[in-house]
Amino acid sequence: MADINMKAKESALVDVIASFIAHTSIRLPDDVFAKLEEMRASETEERAIQIYDLMFENMRLAKELKRPTCQDTGVLQFFVRCGTGFPYLDSIEEVLNEAVLKSTKETPLRLNVVETFSEYNTGTNTGTGVPFIMWEMLPGRTDCEIYTYMAGGGCSLPGQSTVLMPAEGYPAAVKFVMDRMTTYGLNACPPLLVGVGIGATSETAALNAKHALLRPIGSHNENERAARLEEMLEEGINAIGIGPQGMGGDKSVMGVHVVNTARHPATLGVAVTVACWSHRRGCIVFDKDLNYGSTTHSEFEGGAL
Ligand code: SF4
C-alpha cells in the first residue's frame, strides 16, 4: 500500500513539474519581466524602444495563446538543491526525465536534443546526459528546490571557459569576458544577462558562470571586489552599444553576475555564459509533504500533492 501511495505521489510530482516547465516556457520570471520593463522605460533610442515593444507584444501573445515566448525552447537543465531528508530524493532523477517527456508533448516544446556523433534527433528532448541535472545536497533539510533552465542555442553560443596564468590577473579575466561579448554577444538576442564564473579550473569556473545566471536580477556578489567587477563589466558591456537584439541602444545587459570559488595559486579559471532577453529560468520548491510553490513565477499557482 505504501508503495502504491509513493508511486501516485511521484506521478503527481511529474505532472506538477511538467506544468511548471510549460509555464516557464510561456511566462518569463518576475524579475526578468520587471527588468525589461525598466529598460524599456529608460531607453532613449527609437529603434530600441520599438524592439522592446515587440518583445512585450510577443510576451502578451505567448500568454494569451499559451505558446512559448521563443521557438527555441532549449535543452533542459536542472539544478537541484535537495535536503537529504526529502522523502522523494531517490526518485527525483526519474521524475525530472518523465516531466521533460511530458512537457515536450503537452506544451509543446521544440525537439532540440541531438545525440552527438550519431547525429540524430531523439525526438523526445531527452538523450545521453539530457536533461542535465546538477545536484547540491542540503544536510539536515527535508525540502527540495528545483531550478529549471532552458538553454537555447543562441544564448549558449557565447559560452567559453579558460584557465589564465595567475600573473595575468583579473584584468585578463575582464579582457576574456569583453572579447567574448564583442564577438559572440550578438548571437544571444540581447539584452543579455551575463554570468561570469571564477574558480580553480575551467569546469569549476563554467559551473560558477551557470550558477550566476540563476541568481535574481539586481542581486550582487557578497564579496565587495567581485561586486565591483560586476558593476565595471556591466558598464563596459553597456558601453559597446549592442542594444536590444543587437540593433543599438542605451543598454545591452540586464546585469552581470559573478560567482566565485577559491582557486589554486597557479591558476585563474574564468568562464562566461549568457542568458538572452527570454531568460527562461524558474524555481519550484517542494516541502517534505509536497506542498509546493514557485519563488520566481508569481503567476504559477502553488498547491499540495
Ligand atoms: S537567444 Fe534566446 S530569444 Fe534568441 S532565439 Fe535563442 S532562445 Fe530565443
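Me: What makes the largest pocket a pocket, and what is its volume?

Reply: On a 1 Å grid over the protein atoms alone, a pocket is an open set of points with protein on both sides within 12 Å along at least five of seven lines, whereas a cavity is a set where a 1.4 Å probe fits but cannot get out. The largest pocket has a volume of about 370 Å³, a volume being the space filled by probe spheres set on the points, which are joined across faces, edges and corners. This is a predicted model, where local features need pLDDT of at least 70 and side-chain atom pairs pLDDT 80 or more, while totals for chains, interfaces and linings use all residues. Residues are numbered from 1 along each chain as its sequence is written, and side-chain values use heavy atoms, with hydrogens and water left out.

Me: Which residues of the lining lie nearest the centre of the largest pocket?

Reply: Lining residues have an atom within 4 Å of a point. There are 18 of them here, and R81, E145, Y147, L214 and R215 lie nearest the centre.

Me: How do you know that E230 and R215 form a salt bridge?

Reply: The rule asks for a side-chain nitrogen of Lys or Arg within 4 Å of a carboxyl oxygen of Asp or Glu. For E230 and R215 the closest N and O atoms are 3.0 Å apart, so the pair meets the rule. By this rule the count comes to 19 salt bridges.

Me: What about K63 and E299, which form a salt bridge?

Reply: Their closest N and O atoms are 3.5 Å apart. K63 has 41% relative accessibility and therefore counts as partly exposed; E299, at 45%, also counts as partly exposed.

Me: Which residues are linked in a network of salt bridges?

Reply: That network links R81, E136, R141, D143 and E145. Two of its members, R81 and E145, are also among the residues nearest the centre of the largest pocket.

Conventions
Buried < 20%, exposed > 50% of the residue type's maximum accessible area, 1.4 Å probe, protein only.
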